[in-house]
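Trainee: Please walk me through this structure. I want to know what stands behind each label.

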Amino acid sequence: MNIKILSANANLYSTKRLVEAAKARKHDVEVINHAKCDIVIEKKNPVIIYKGHKLDHADAIIPRIGASVTFYGTAVVRQFEMMRVFTTTESQALVRSRDKLRSLQILSRAGLGLPKTVFTNYSKNVKEIVDQAGGAPVIIKLLEGTQGIGVILVETRKAAESVIEAFNNLQARVIVQEFIKEAGGADIRAFIVDGQVVGAMKRQGKEGEFRSNLHRGGTASVIKLSDEEETAALKAAKAMGLGIAGVDMLQSDRGPLILEVNSSPGLEGIEHATGKDIANTIIRYIERNV
């Protein structure tokens with residue numbers, strides 16, 4: 001097969017591993033910078049131009065679209081879909097996953113456990129917002145934040161009100177979320193490919209840090225999911241319409257609580273923690289569908 005990996009950086013760990021896995025299974029593979037593709041739209045003839053050439057021999061694409069280029073990256077994925085090319089992440093699912101508020105609403109509708117979350121249209125009644133989220137301490141998240149950036153733990157009501165007011169004045173949209181103390185600064189990532197959990201790790205934030213992101217110095221170790229956690233992860237990926245997903249959960253006294261469903265989960269942390277060849281699993285997923 002001819003597989004295109006949509007990635008702005010061919011040197012990223014995840015991109016390199018996918019190239020290795022595709023080559024190991026005797027496929028032609030090419031890394032395409034989606035931000036440098038030109039889209040040509042005309043009646044019944046969708047075309048993508050890259051470096052002066054038509055991309056017309058692809059059997060499948062693996063989108064690795066960064067959050068900063070979601071709009072254009074999604075348009076490129078949509079164009080490939082119009083060309084009847086199989087994609088491991090559909091354009092609509094990618095758009096849904098990048099909208100934190102919409103994602104939470106979809107997960108809530110699917111009956112999944114979530115930390116209590118409050119969103120308002122720059123409400124002046126900040127005291128009530130904190131109360132609705134269960135009172136201090138609370139987590140305040142920028143809607144556009146990624147990798148733990150724009151996520152704040154606020155210990156007191158007064159501080160929470162000040163932070164919300166400051167963001168409101170900057171016209172920066174935030175969600176206010178209850179703090180799950182019993183999670184102890186750790187979360188679980190379940191990596192899902194084609195309706196199966198293919199690896200899971202527990203990420204622990206460094207001392208004094210409530211965010212468990214590996215980009216922020218957290219550590220990862222392999223974990224066996226409980227039946228309840230596995231069911232929640234699979235249900236979350238299905239609700240979001242994602243064939244490949246990283247489902248982030250907190251362990252709480254009331255069961256697993258979904259934090260986020262990531263449509264371009266990195267391979268480095270999960271492969272190192274579990275010792276599994278996740279990249280190979282993704283290539284085999286393509287083979288079953290093309």
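Predicted model: local features only at pLDDT ≥ 70, side-chain atom pairs only at ≥ 80, totals over all residues.

Trainee: What makes Ile62 a lining residue of the second largest cavity?

Mentor: A lining residue has an atom within 4 Å of a cavity point. Ile62 is in that lining, along with others including Pro63, Arg64 and Ile282. Strand 6 (residues 60-64) gives the most, with 3 residues. Strands (E, at least two residues) and helices (H or I, at least four) are DSSP runs, numbered from the N terminus.

Trainee: How many cavities of 30 Å³ or more are there, and what lines the largest?

Mentor: The count is 2. Helix 6 and strand 11 each supply at least two of its residues. By class, the lining has 8 nonpolar, 2 polar and 1 charged residues. Here Ala, Val, Leu, Ile, Met, Phe, Trp, Tyr, Cys and Pro count as nonpolar, Asp, Glu, Lys and Arg as charged, and the others, Gly among them, as polar.

Trainee: What is the volume of the second largest pocket, and which strand gives the largest share of its lining?

Mentor: The volume is about 160 Å³. Strand 13 (residues 196-204) gives 4 residues, the largest share. The lining divides into 6 nonpolar, 2 polar and 3 charged residues.

Trainee: Why are strand 9 and strand 10 called paired?

Mentor: Two strands pair if DSSP finds at least two bridges between them. Strand 9 (residues 138-142) and strand 10 have 4 bridges, in the antiparallel sense, so they pass. In one of them, Ile139 has Leu153 of strand 10 as its partner. Helix 6 (residues 157-169) packs on the sheet and touches strand 9, strand 10 and strand 11 (174-178). Contact means heavy atoms within 4.5 Å.

Trainee: What is the strand order in that open sheet?

Mentor: The order is 8-11-9-10, with antiparallel pairing. Strand 8 (117-118) and strand 10 (151-154) are the edges, each pairing on one side only.

Trainee: Why do Asp131 and Lys127 count as a salt bridge?

Mentor: The rule asks for a side-chain nitrogen of Lys or Arg within 4 Å of a carboxyl oxygen of Asp or Glu. Asp131 and Lys127 stand at 3.5 Å, N to O, so the pair qualifies. Both lie in helix 5 (residues 126-132), 4 residues apart, about one turn. The structure holds 12 salt bridges.

Trainee: How do you know that the bond from Ala136 to Pro137 is cis?

Mentor: Its omega is near 0°. Pro137 sits in the loop between helix 5 and strand 9. Most peptide bonds are trans.

Conventions: Residues numbered from 1 in each chain as written. Heavy atoms only, no water. Axes fitted to C-alpha atoms, helices over the stretch in contact; angles between N-to-C directions. 1 Å grid on protein atoms, 1.4 Å probe; cavity = no way out; pocket = protein on both sides within 12 Å on 5 of 7 lines; lining within 4 Å. Points joined across faces, edges and corners; volume = space filled by probe spheres on them.
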